Amino acid sequence: MITGPEAVAALKSCGITHVLWIPDTALGEWEPALSGPDGIPLIRVCREGEAFGIAAGLIMGGKKPVILLQCTGLFEAGDTLRNVIHDMHLPIFMVVGVRSYFAYRDTTTMDTCPIYTEPIMRAWQIPYVVLDERHTAADLASAYNQIQAEKRAGAVLLAE
Amino acid sequence: MMTQLQALEVLARKRSGQMVVTTMSSAGIWPKLSDSPLDFHYIPSAMGHATDLGLGLALAHPQRGAFVLNGDGCMLMNLGSLVTLASQKANVLLIILDNGLYEVTGGQPIPGARQIDFANLARAAGIQHVFSFDALEQWQAGVDEVLNGPRPAVVWLKVEGRLGQQTPKPPRPLKEQIESLQKALGVC
């Protein structure tokens, strides 16, 4: 699991200017690092669709935001995601916590989140990489830098 | 009660360099009053998210700030954005044009049409600077206080509904609008 300080350092190394989020249990552990004195301006939204709209405005204004959300919020935010990525063609970058990923792999959960997250990413035609226990914050930075270089939207699915 | 065109004419006369985000009905009216690269007509949109777009732009360019010309139906789809806006202390003036209708789909009533107190919703969300006008003369008399005041601020304007309207088309495609806006902002 990437720690909060590691995530913040990686995002800062990428030039991320704002973090938009609704935390889940795993991403929530990044809160102290994100909101601390060496953190990144944190915009707390009420629903995940808002995060995509605000990120669109920030990008149009020349900033570099990242959206941190749980897969459940991804499901909720579909229409805004469609609009800002496919109508507006903005290079949105998101980190999606996949709830129960490990438990599903181990067949110890009935949670349907892991079943639908990747198919939904493919349906929305958003390239993604999965980061699990083998990966580090360097992989997070690498994913961001790749989508920036290719001037497109992309996602990291963070196994939880 | 004023028409939407009358209401927006008051704002257009006083606008001084702010970015303006329109959506739905206002996207069909504002181009009659302004043709600036700082105007962004958010169509096709994700309905309810013009406020978010304006907030992002204003956070990126706080000195310039943004006007968001939202509809009542759009506002209802994203009431949480009032809370987010209040928490950011951003340079955003959110105008809620309350015509009681989903005008661009032909004029069906919104839920709770003409019974919703958008001013109190905004205050309850934490917006400290909230104004209401239901007559053109009042809006004309109050606009300077609104524009010279702190942000974020919300203005609730009760306007006449129009039946038989169609979804407006933006004067330029989104891609072209984004490029013009970014050029005007000096970000590309």
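Gln18(B) sits in the loop between H1 and E1 of chain B, in what is a predicted model. Helices (H or I, at least four residues) and strands (E, at least two) are DSSP runs, numbered from the N terminus. At 14% relative accessibility, Gln18(B) counts as buried; buried here means under 20% relative accessible area, exposed means over 50%, and partly exposed covers what is in between, with a 1.4 Å probe and protein chains only. The side chain of Gln18(B) reaches back to the backbone nitrogen of Ser16(B) at 2.7 Å. Leaving aside residues up to four places away in sequence, Gln18(B) touches Leu38(B), Arg64(B), Gly65(B) and Phe67(B), where contact means heavy atoms within 4.5 Å.

As for the ground rules, residues are numbered from 1 along each chain as its sequence is written, while chains are lettered from A and ligands numbered from 1 in the order in which they are written. Local features need pLDDT of at least 70 and side-chain atom pairs count only at pLDDT 80 or more, whereas totals for chains, interfaces and linings use all residues; side-chain values use heavy atoms, with hydrogens and water left out.

The loop that holds Gln18(B) also carries Arg15(B), a residue in the loop between helix H1 (4-14) and strand E1 (19-22) of chain B. Arg15(B) forms a salt bridge with Asp39(B), with the closest N and O atoms 2.8 Å apart. A salt bridge is taken as a side-chain nitrogen of Lys or Arg within 4 Å of a carboxyl oxygen of Asp or Glu. Asp39(B) belongs to strand E2 (residues 39-41) of chain B, and the pair links parts of the chain that are 24 residues apart. Both partners, Arg15(B) and Asp39(B), are buried.

Over all chains, the salt-bridge count comes to 14. One of them, in chain A, joins the side chains of Glu31(A) and Arg44(A) (2.8 Å, N to O). Glu31(A) lies in helix H2 (residues 31-35) and Arg44(A) in strand E2 (residues 42-44) of chain A, so this bridge ties together parts that are 13 residues apart in sequence. Glu31(A) is partly exposed, with a relative accessible area of 22%, and Arg44(A) is also partly exposed, with 42%. Arg99(A) pairs with Asp111(A) in another salt bridge, the closest N and O atoms being 2.7 Å apart. Here Arg99(A) is in the loop between strand E4 (93-98) and helix H6 (101-105) of chain A, and Asp111(A) is in the loop between H6 and helix H7 (113-123), 12 residues apart. Arg99(A) counts as partly exposed at 34% relative accessibility, whereas Asp111(A) counts as buried at 14%.

Arg99(A) turns up again in the surroundings of Thr72(A), which touches Arg99(A) and Cys113(A), not counting residues up to four places away in sequence. Thr72(A) lies in helix H4 (residues 71-76) of chain A and is partly exposed, with a relative accessible area of 29%.

Helix H3 (residues 48-60) of chain A has 13 residues and spans 19 Å from its first C-alpha to its last, close to the expected 18 Å; the expected span is 1.5 Å times one less than the number of residues. In H3(A), 13 of the 13 residues are buried, so the helix is largely enclosed by the rest of the structure. After H3(A) comes Gly62(A), whose phi is positive, near 95 degrees.

Turning to the interface, 28 residues of chain B are in contact with 24 residues of chain A. The area buried between the two chains is about 1,800 Å², with carbon and sulfur atoms giving 67% of it; buried area is the accessible area (1.4 Å probe) that two parts lose on being put together, summed over both. In chain B, Leu53(B), Thr84(B) and Ile178(B) lose the most area to chain A, together 22% of what that side buries. The interface of chain B and chain A has 0 salt bridges by the rule, but 7 residue pairs in polar contact (both at pLDDT 80 or more).

Methods: A polar contact is a pair of N or O atoms within 3.5 Å; within protein, one must be able to donate a hydrogen and the other to accept it, and residues adjacent in sequence count only if both atoms are side-chain atoms.
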